[in-house]
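Q: I have a model open and would like to learn how to read its features one by one. Could we go through it together?

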Amino acid sequence: MLALIAGDGTEFMVVRTVVLIMSFMLLAEAGRKGGETHGLPMPGPWIYIPILIGIGAIGFVDGLASAKAAARYLLAAPGAVLVAFTAFTGRNDDIRINRPLMVGVTIAFAGYAVAAGMIVEFAPFWPANSFNQETFLRVTGVPIQLVRGLIAVALAALVWAAWGRRVMEKLDYPGYSLHLKRQFIGVLTTLLLVLALGWALTNYLGEIYREGVEGEATGDVTLLVSGLERETAIADAMVKALAASPSVQPMLAGREGNRVAELSLLELDAGVIQVTRGLIVNRAGDIVGSSDSSDQSWLGMPNLRSVDWFKQSIAGRAVHQIRVDPPQRLRTYLTASPIRDADGEIQGVAMLETSLETLAELMTRFDQAFFVVDARGLVVITNRRDELFRTLWPRPDLPRLQIAEQFGASGRPMLAREIFGGDWVEFGGRRSYVLRQPIDGTQMSLILAIPVKGIFASRLLGIIITLQVAIAALFYFFGMDRGVRDRFERQLREELLIQTEDLARQAATDSLTGLANRMKFDARLNEELSRSLRSGRPFSLIIFDIDHFKEVNDIYGHPVGDQVLVRLSRTVDASVRQADLLARWGGEEFAILLPDTDAAAAYETAKKLRLLVAHTIFEHVGTITASFGVAQVLPGDHADTLVARADNALYRAKLNGRNRVELSLPVIEVVELSPTA
């Protein structure tokens with residue numbers, strides 16, 4: 001039963017062999033003492049020393065199978081024969097146990113001497129190489145474990161019957177003997193029925209186990225792949241936002257010679273993933289914007305027109321690549337998006353490269369062995385560090401030692417061949433279920449390996465048959481173990497789900513104020529624009545910022561400035577509708593999306609908020625003011641034009657003296673535009 005849980009590895013096989021030999025020693029000692037009792041010339045206990053030395057030497061030279069075969073020949077067979085002799089010669093010693101029972105015990109132990117002492121595992125010496133378990137199965141069609149189990153059942157029944165006769169003599173009252181006989185018949189019938197169904201039950205449980213392992217593997221692979229795809233999806237969204245950024249087009253249209261514009265990583269960081277590099281490349285393949293100052297050294301060097309990711313993206317195809325830098329062994333995700341002008345023509349490419357090291361470290365906490373491999377079968381992410389940067393299956397088509405020279409990893413592949421889908425194969429020397437699932441949009445795959453735990457069906461059947469009294473405990477133990485494992489797996493999945501939700505929340509939230517960030521604002525703006533243009537319902541935008549906020553930072557310091565931003569965010573957020581979205585636009589600027597709101601209503605909302613800000617007391621600072629720009633969506637509007645009109649209105653509010661609300665015109669025919677200071 002321990003083998004069912006701990007696994008039938010080499011170490012456990014050694015332990016089981018030692019336990020097996022010890023049990024045979026007990027049987028042999030019982031036979032030796034029984035022979036002494038009945039006058040047979042028997043050696044003393046010292047005889048076990050040379051026997052154990054011989055068994056150990058055979059095992060050291062030929063392996064565990066030979067050691068077990070020798071133990072059966074030298075201990076089990078003679079021990080069972082001596083016990084059978086003792087039972088037969090002592091059949092008349094105890095009048096409370098009748099002779100038929102003792103004859104039955106004699107026959108059972110004699111049969112056990114043959115089944116357990118003479119029919120052994122295959123070993124490279126005679127007679128084990130000629131008469132063994134495989135030979136018995138081939139000749140009879142019955143596994144020897146089943147025969148041993150039948151003998152064990154017979155012995156258990158005979159011992160129970162002998163015990164019952166003594167109980168009947170001790171508790172002598174009318175009807176008890178009949179009850180005990182009926183109970184004996186019922187127990188014996190039940191045990192025989194268990195044996196008859198044992199083989200079918202074993203196969204059935206084996207099928208359930210197989211389906212369970214395959215189902216577990218499918219769920220785990222889906223969980224891991226979805227986590228990896230979530231990470232890459234954020235980078236994909238960021239590069240698309242970068243490609244659509246208004247600041248990118250001037251870089252592509254610039255006439256500044258060889259100057260490379262700096263692209264701040266602060267504009268690229270979503271708070272969830274680590275951007276290692278960002279590039280803006282024009283149609284000719286020249287870098288015109290970069291987040292890495294070292295790209296300045298690229299001046300005069302060959303451009304990127306021959307680079308694979310640039311060629312794909314400039315052709316309008318999506319680029320998703322997981323890359324490994326051989327010298328530093330750093331793993332990154334590269335994604336690129338074409339930059340299109342107002343007419344939809346591709347004018348350049350935006351590229352982001354993000355680090356996967358944090359995600360790889362998080363994934364190493366997963367329990368089952370998994371491997372993210374590239375098209376070559378090279379392991380780039382795994383929770384088995386010894387297999388990192390090694391090929392998982394043989395690749396004779398690769399130049400010899402290419403992988404070892406690049407990554408310094410060597411050793412035999414874990415798989416004998418490439419796996420497609422799921423298969424039961426030898427994995428690292430153990431029988432395992434291996435499942436492979438491609439990662440969408442890349443040439444990468446995720447491979448999960450679940451080793452077979454426990455012993456094979458024939459051995460499971462031997463345990464069920466030989467240890468009938470432990471069947472209930474076995475099922476209880478299996479159920480308890482399964483319940484505990486399910487609970488921990490469920491807890492891990494819940495933790496991963498919480499982490500995923502937390503990452504999603506961080507990706508859409510400004511870290512200082514807790515408001516929606518620019519990325520979430522852009523996404524919501526596009527949604528509301530589409531809905532408004534589709535339904536014809538009004539939709540307005542308010543952009544406002546704090547007047548003279550630089551003076552607050554200069555006089556009171558940035559920590560106090562941050563407190564002002566937080567207090568202002570909470571105050572305004574509590575005053576807008578639940579359907580509205582308040583977002584931090586950047587720095588001291590904020591934006592409010594107002595669905596189902598026309599310009600007049602948005603204008604009134606802005607005036608109320610202006611008064612609210614002006615009458616709010618801020619700690620250390622006192623009072624502050626804010627200027628507001630309001631714009632309503634017009635036919636043909638898109639995100640950039642709507643934002644530009646609201647921003648222009650805010651700019652007019654600043655020019656007209658600040659602490660006021662300005663409305664982008666024309667929106668409505670009549671509107672109050674009187675100063676609000």
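Q: How many helices and strands does the secondary structure of the protein come to?

A: The protein has 19 helices and 16 strands. Helices (H or I, at least four residues) and strands (E, at least two) are DSSP runs, numbered from the N terminus. This is a predicted model, in which local features need pLDDT of at least 70 and side-chain atom pairs count only at pLDDT 80 or more, while totals for chains, interfaces and linings use all residues. Residues are numbered from 1 along each chain as its sequence is written, and side-chain values use heavy atoms, with hydrogens and water left out.

Q: What percentage of the residues count as buried?

A: Buried means under 20% relative accessible area, exposed over 50%, and partly exposed in between (1.4 Å probe, protein chains only). Of the 677 residues here, 45% count as buried. In strand β5 (residues 330-340), nine of the 11 residues are buried.

Q: Which strand does β5 join, and through how many bridges?

A: Strands of a sheet pair through backbone hydrogen bonds, either parallel or antiparallel. Two strands count as paired if DSSP finds at least two bridges between them. Strand β5 runs antiparallel to β6 (residues 346-355), and nine bridges join them.

Q: In what order do the five strands of the open sheet come?

A: The order is β13-β14-β12-β15-β16, with mixed pairing. At the edges are β13 (581-586) and β16 (661-663), each pairing on one side only. From one strand to the next, the twist averages 20°. Five bridges pair β13 with β14 (residues 589-595) in the antiparallel sense, and L581 has L593 in β14 as its bridge partner.

Q: Which helix lies across β12, β13 and β14?

A: That is α15 (residues 518-535), which runs at about 30° to β14. Axes are lines fitted to C-alpha atoms, for helices over the stretch in contact, and angles run from 0 to 180 degrees between N-to-C directions.

Q: At what angle do the axes of α4 and α5 cross?

A: The axes of α4 (residues 64-89) and α5 (residues 99-117) cross at roughly 170° and come within 8 Å. Angles under 35 degrees count as roughly parallel, over 145 as roughly antiparallel, 65 to 115 as roughly perpendicular and the rest as oblique. The two helices α4 and α5 are therefore roughly antiparallel. Contact means heavy atoms within 4.5 Å; the residues that meet include A76, A80 and F88 in α4 and V105, F109 and A113 in α5.

Q: Which residues touch the most other members of the largest nonpolar core?

A: A nonpolar core is a set of buried Ala, Val, Leu, Ile, Met, Phe, Trp, Tyr and Cys residues joined through side-chain atoms within 4.5 Å. Of the 43 residues in the largest one, F370, V372 and L392 touch the most other members. Helix α8 (176-243) is among the elements that each supply at least two residues, and its seven residues are the largest share of this core.

Q: Is F131 buried or exposed?

A: F131 counts as exposed because its relative accessibility is 51%. F131 sits in the loop between α5 and α6 (133-140). Leaving out residues up to four places away in sequence, F131 touches Y73, M118, V120 and W126.
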